[in-house]
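This briefing is meant for a reader who is meeting the structure for the first time. Please keep the sequence and the 3D view at hand while reading the points below.

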Amino acid sequence: MEPGEPRAPREPGPGAETAAAPGWEESKTFYDNLAPKKKPKSPKPQNAVTIAVSSRALFRMDEEQRIYTEQGVEEYVRYQLEHENEPFSPGPAFPFVKALEAVNGRLRELYPESEDVFDIVLVTNNHAQVGVRLINSINHYDLFIERFCMTGGNSPICYLKAYHTNLYLSADAEKVREAIDEGIAAATIFSPSRDVAVSQSQLRVAFDGDAVLFSDESERIVKAHGLDRFFEHEKAHENKPLAQGPLKGFLEALGRLQKKFYSKGLRLECPIRTYLVTARSAASSGARALKTLRSWGLETDEALFLAGAPKGPLLEKIRPHIFFDDQMFHVAGAQEMGTVAAHVPYGVAQTPKQTAAMKQAASAP
């Protein structure tokens with residue numbers, strides 16, 4: 001029996017009523033309609049690109065979170081049980097997950113036996129009693145998410161390495177910081193201020209550079225000595241690669257999957273596209289960023305050097321499924337333009353003031 005599938009009623013014993021219990025046929029039809037239409041083989045975690053997503057990142061759970069905060073865990077669980085046949089609305093990570101699954105479909109067409117695909121894991125500190133509603137919601141939207149990690153109030157971060165996690169997305173800023181401290185690529189994801197249509201056939205991922213793909217070395221120089229010293233430093237160290245940042249490994253995983261399409265002659269039709277969107281100036285500090293990527297054997301499809309200009313308008317044109325940045329100022333600017341943005345709490349930019357703003361944004365309905 002598949003997880004989440006209702007158990008068939010037992011055969012009636014002697015003298016029992018032969019009619020099914022009232023409402024059974026309606027319930028069976030409901031669950032049959034939720035069953036996934038197709039079930040590809042789940043890859044082994046060590047072979048896949050594993051994306052761990054929290055329940056509040058994948059689905060909108062504002063009302064449920066309010067009940068938990070104001071009335072406690074017992075009332076929260078009771079509410080979830082009473083509404084378990086009502087699917088959650090999509091959350092900020094939902095379009096990203098759908099795009100991952102679209103890429104998987106293309107990969108399986110080209111490499112039917114390969115397990116080098118995206119594997120999505122639902123990671124949540126919810127109690128197992130809430131699991132039925134989550135399963136129903138996943139089946140309602142025909143998502144292929146077979147792996148669940150439900151920790152009943154405990155932090156799920158300790159399980160991420162066991163799942164071979166390449167990226168962890170959550171609405172909980174504290175959990176994200178905990179994951180970053182454990183060396184796991186992670187970001188706090190935020191809903192955009194307005195809905196903007198994104199590609200249904202191509203996964204688009206945009207990255208800031210410093211303190212996201214690269215270390216925060218250069219940002220430390222800016223904060224300590226100003227822009228002029230920063231430009232001098234970058235010019236002097238142009239041929240010295242920057243140290244890696246927290247999301248370098250995720251870009252590497254995306255590049256590995258891109259090459260599977262390139263090897264089939266599909267570079268121009270690749271369903272994965274990556275972007276470097278950085279406040280660096282191309283003339284004064286862009287070369288070091290590009291040479292660092294080259295030294296890693298990596299590239300982005302597009303590199304946008306904004307020289308301090310706002311990122312939001314460019315992101316509105318790109319329409320990525322997700323944009324990663326280490327500064328809440330840029331995250332907020334992306335949100336205003338309708339971009340799903342994710343904050344990477346890493347590096348010198350994480351001042352107490354910024355951390356407080358991040359927590360406030362994460363807890364807002």
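This is a predicted model: local features need pLDDT of at least 70, side-chain atom pairs count only at pLDDT 80 or more; totals for chains, interfaces and linings use all residues.

Which residue lies over the face of W296, and at what distance from the ring centre? It is K248, at 5.3 Å from the ring centre of W296.

**Aromatic pairs**

- A pair of aromatic rings is described by the distance of the centres and the angle of the planes, and the structure holds nine such pairs.
- One of them joins F94 and Y141, whose rings are 5.0 Å apart from centre to centre with 70° between the planes, an edge-to-face arrangement.
- Because F94 belongs to helix 5 (residues 94-110) while Y141 sits in the loop between helix 6 (131-140) and strand 5 (147-150), this pair ties together parts that are 47 residues apart in sequence.
- F94 is buried, with a relative accessible area of 10%.
- The pair of F250 and F324 is likewise edge-to-face, since the ring centres are 6.2 Å apart and the planes stand at 75°.
- F250 lies in helix 10 (residues 248-262) and F324 in strand 11 (residues 322-325), so parts that are 74 residues apart in sequence are tied together by this pair.
- F250 counts as buried at 1% relative accessibility, and F324 is buried with a relative accessible area of 0%.
- One aromatic cluster is formed by F59, F88, F94 and Y141.

**A further lysine over a ring**

- K264 lies over the face of Y111, at a distance of 5.0 Å from the ring centre.

**Nonpolar cores**

- The largest nonpolar core has 76 residues, of which F96, F118, Y168, L203, F207 and F324 touch the most other members.
- At least three residues of this core come from each of domain 1 (49-188) and domain 2 (203-347).
- When its neighbours within four places in sequence are left aside, F324 is in contact with a number of residues, including L167, L169, A187, V205, F207, L247, F250 and V344.
- Another core, of 13 residues, lies apart from the largest one, and among its members are Y275, V277, L304 and A334.

**Helix 5**

- Helix 5 has 17 residues and reaches 25 Å from its first C-alpha to its last, which is close to the 24 Å expected at 1.5 Å a residue.
- The buried residues of helix 5 include F94, F96, V97, L100, V103, N104 and L107.

How values were computed:
Residues are numbered from 1 along each chain as its sequence is written. Side-chain values use heavy atoms; hydrogens and water are left out. Rings of Phe, Tyr and Trp (its six-membered ring) pair if their centres lie within 6.5 Å; planes under 30 degrees apart count as stacked, over 60 as edge-to-face and the rest as tilted. Helices (H or I, at least four residues) and strands (E, at least two) are DSSP runs, numbered from the N terminus. Buried means under 20% relative accessible area, exposed over 50%, partly exposed in between (1.4 Å probe, protein chains only). A charge sits over a ring if NZ of Lys or CZ of Arg is within 6 Å of the ring centre and within 35 degrees of the ring normal. A nonpolar core is a set of buried Ala, Val, Leu, Ile, Met, Phe, Trp, Tyr and Cys residues joined through side-chain atoms within 4.5 Å. Domain bounds come from an automatic or database domain assignment. Contact means heavy atoms within 4.5 Å. The expected span of a helix is 1.5 Å times one less than its number of residues.
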